[in-house]
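Below is a short briefing on one structure. Please read it alongside the sequence and the model.

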Amino acid sequence: MSESHSALEAFISAVRCTLPDEQIINDYALRYALATDASFYRLTPDYVLIVNNSEQVQRILKSAHQYRVPVTFRAAGTSLSGQAISDSVLVMLSDDWQEIDIADDGSWVRVSSSWVGAKVNELLAPFGCKIGPDPASINTCKIGGIAANNASGMCCGVKHNSYHTLKDMTIIFADGTLLDTSDKHSIAAFRRTHANLVEGLESLAQQVRDNASLSELISHKYRLKNTTGYGLNSLVDFSDGIDIIKHLMIGSEGTLGFIADITYHTVADPKSKLTGLYTFDDIDTACAVVEKLSALPIAAVEMLDKRALLSVQDHEVMPKGINAFPLDATALLIEIAADDDQELAHIHSQVNELLNDYSEKIIHQYPLCDDSKRAMALWNVRKGTFPAVGAIRPTGTTVIIEDVAFALADLAKGIRALHGLFTQYGYDEAIIFGHALAGNLHFVFTQGFETQDDIARYDAFMADVAALVAIELKGSLKAEHGTGRNMAPFVALEWTQDGYEVMQRIKALFDSDNILNPGVIINADDKAHLRDLKSMPASDARIDTCIECGFCEPVCPSKGYTLTPRQRISLKRHEQQLVAQLTREPTPQVRTKLGAVQHAYQGLAVDSCAATGLCATRCPVGINTGDYIKSLRAKRPQHSAAIKAISQFSADHFAGAAALARVGLKSAELGAKLLGARRLTATTRWLNTRFGTPIYYSAWPHAQNRTASVAGQHHDQKVVYIPSCANRVFANDHKRSVQEIFYSLCHKADIEVLTPQRVEHLCCGMPWQSKGLEQESHAKLAQLEQVALALSEGGKWPVVMDASPCALKSQSMQKLDVLDSMEFAQAHLLPKLDPKVQNAPLWLHITCSSQHLDGGEAMLRVARALSNDVKTTAVSCCGFAGDKGFTHVQLNSHALRHLSHERPHACAKGYSNSRTCEIGLKEHSGVSFTSLLALLDEQT
């Protein structure tokens, strides 16, 4: 056994005294999948450790320090430069680590590193403020990653980044020592125990200030956005060692210590905004406008070159005829903001006056205005530029995004020079966009790493980019994406040997044994950016466009339970890679890895996927991993002739199958009375492990008695109503069934309800589709379509489904206006009814399918018509996923593990619009959930 392996095993043995087994991951397939991040590098850790609190991190680092074992920290894995990967021990932040404290006036927020940035802003919104950093990945990235990378964003600039809005921080150092910079006792103790570090930094800061040329270089670099290397500005801006430490941690990428929590000074979030898009006929004019705009109080200016505009030209909001624009055409997306309307008008006047001077150079414009829908569309276009290139890249290549910064006076020169390098190296698809006010440009291109020629081209290109940016134009090689492995070989080039040596001394003072994220920022290998490159082999057309950004992960119910969409795709790609490798190298090691991946994939990726496709709503290239997983389910061996026959029989005799389900529910109810609920749960759990049968639990629904349709009077307005099979089988947690409630509401609104005579035979086909049985699913939907088409008089009347999943599935029916119950209530019931508005909180769960349908807007409008205090669950997807909530209960329980803690005070009932989701919500919240239609009926 090698010395390093022996040390690793001793370390893990020590860690087992700190972490439970489920937080120590050694399984090959799982640690490979979990190691996936957004960069174009790949390392597979020996172990992945999941941490829930700072005490666990302290103990891990104490053991790592003792045994000299390298560790790397991972927040959300959205970083792009290879700073969150490891071939040793990867420490990942659990989503269960959620601590937050907000000042009474919202002026500061103290938050643990595992919080997603956008979630923090949601809690700050009532105070009219937000955190300063606003990276494009803020809906996914976590606070720890934002701070550790000094990530900024589109409106942040330099003024509002983590460095400049930092108040305090809790840091855990390489030896496991904890420092809370807001606690004077913690500071005093740290000064005693770590005098070498504190005094060493104070001495180093003095030496830097005494070095006139280095001080001037630092001053210049940080007038720009700069995240290359360590934040040397902290050595100039501060003289006290504690202040230097906490500011050096910003942008340190986990190489100096672990940020357990951070306290930010918040910034104002103005409510009044005007947004516009102006396209100029050449680069120089656009850059001149940017330089003049920088003197005004502008919220944001985003720049897009012509190729960037072409990449998103299919968006409805984009101007037509972009192809005919001049080659140098450059667009500026401008936003101004203020709390005061008078102030906003004044800024608007200044901007218009400036733009009028360039009116002859403007070839297209959307003038500044307060149209929020258009503004959102324009921002979505801007955010869509990076994935637009990723979506059309050749299969097998990766998409690379670099970010540099120039002084505004050099911006046009920098753009033209980059365009020249794209041409020289054949990156014809490369685009440029960025945060123009800060001189911060992103450029995106596609790159293969399969051959030495590919790698050599990339190497030469990066060397020329580095020389252009750092030497010729004295800009920043990294403005906001962090140094990582990608730019580590160029740190000395940008900072000179003097600056680089200061960084080496900083690393030695904090981490003399080099156990914290080795290879990142400080790396002696001048080809480090060419090592451990990620392979992106073709796998399936449905998923090949995935850029592994991780934007899908926050809405995935199996995140932290098994795998996320990104990880499912990454592991499937690895399987393809291993299959190809096995033909070239038929070694036992490759065969073992392939066997491990193939054996684990069914449980980790296929069986535990909710397959609701909510990931597609967050995916920048629109991948629905749920559809891909359903396609794999269709191919699995279990779909034998017998299974096919049973599925076909149930589809042909659906009324009988539904009746049998009701019998099963009644039998379970009887069994609970005879055996006792606990004993029945234990028995069904045992049966589930062997046969996959449902598990009984306390929230199991009663069987729904058949509800006859209520004949109403003839009215001019009619609706075709298809009660969902879930509401026909499972009783509602209400005194009346959903069907009776729907009839009551329509009667009040003078709407005639048309219901199929043999509705018990109908189904939209979703139960079969979710299992990959497309033939049966299509047949049931076609049957439903035929009935609905006739009853609606060829599509004259809307067709309403009382469960949102069924409505979503049925919207593919031709010639029919299919609505879910909330869309129907918002459009057809509310205008005719006058509901009472309650002041008590209304707790609402917006289902996955409602999010697919309209973002949940109709449901929210109905809820807000019923209550002045609507609270939505923080759950994106409940994980019930049709019948999985009965057979794979761990998925549902994991997705809803925090639900009971967020229950609004004095709330005795919750509301949704999918019966199966409501069952799981009841089980894990402690309150009954029912259809929002019930409350609408009660309050009218």
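K909 is found in strand β25 (residues 909-912); strands are DSSP runs of E with at least two residues, helices runs of H or I with at least four, both numbered from the N terminus. This is a predicted model: local features need pLDDT of at least 70, side-chain atom pairs count only at pLDDT 80 or more, and totals for chains, interfaces and linings use all residues. Residues are numbered from 1 along each chain as its sequence is written, and side-chain values use heavy atoms, with hydrogens and water left out.

**Around K909**
- K909 has a relative accessible area of 28% and is therefore partly exposed (buried means under 20%, exposed over 50%, partly exposed in between, with a 1.4 Å probe and protein chains only).
- Its contacts (heavy atoms within 4.5 Å) are D733, H734, W843, V927, S928 and T930, not counting residues up to four places away in sequence.
- The C-alpha atoms of K909 and G926 are separated by 9.1 Å, with the two residues 17 apart along the chain.

**Helix α1**
- Helix α1 covers residues 3-15, and its 13 residues should span 18 Å at 1.5 Å a residue (1.5 Å times one less than the number of residues).
- The end C-alpha atoms of α1 are 18 Å apart, which agrees.
- Buried in α1 are A7, L8, F11, I12 and V15.
- They cover an arc of only 135° around the axis, so they sit on the same side of α1 (the arc is that of the directions from the helix axis to the C-beta atoms).
- Their cover includes β1 (24-25), β2 (47-51), α3 (54-67), β3 (71-74) and β4 (89-93).

**Salt bridges**
- The whole structure holds 37 salt bridges (a side-chain nitrogen of Lys or Arg within 4 Å of a carboxyl oxygen of Asp or Glu).
- D282 pairs with K361, the closest N and O atoms being 3.0 Å apart.
- D282 lies in the loop between β12 (272-280) and α12 (283-293) and K361 in the loop between α14 (341-356) and β15 (362-369), so the pair ties together parts 79 residues apart in sequence.
- D282 is buried at 13% relative accessibility, while K361 is partly exposed at 29%.
- R382 forms a salt bridge with E302, with the closest N and O atoms 2.5 Å apart.
- That pair links distant parts of the chain, 80 residues apart: R382 is in helix α15 (residues 372-383) and E302 in strand β13 (residues 300-305).
- R382 is buried at 5%, and E302 is buried at 0%.
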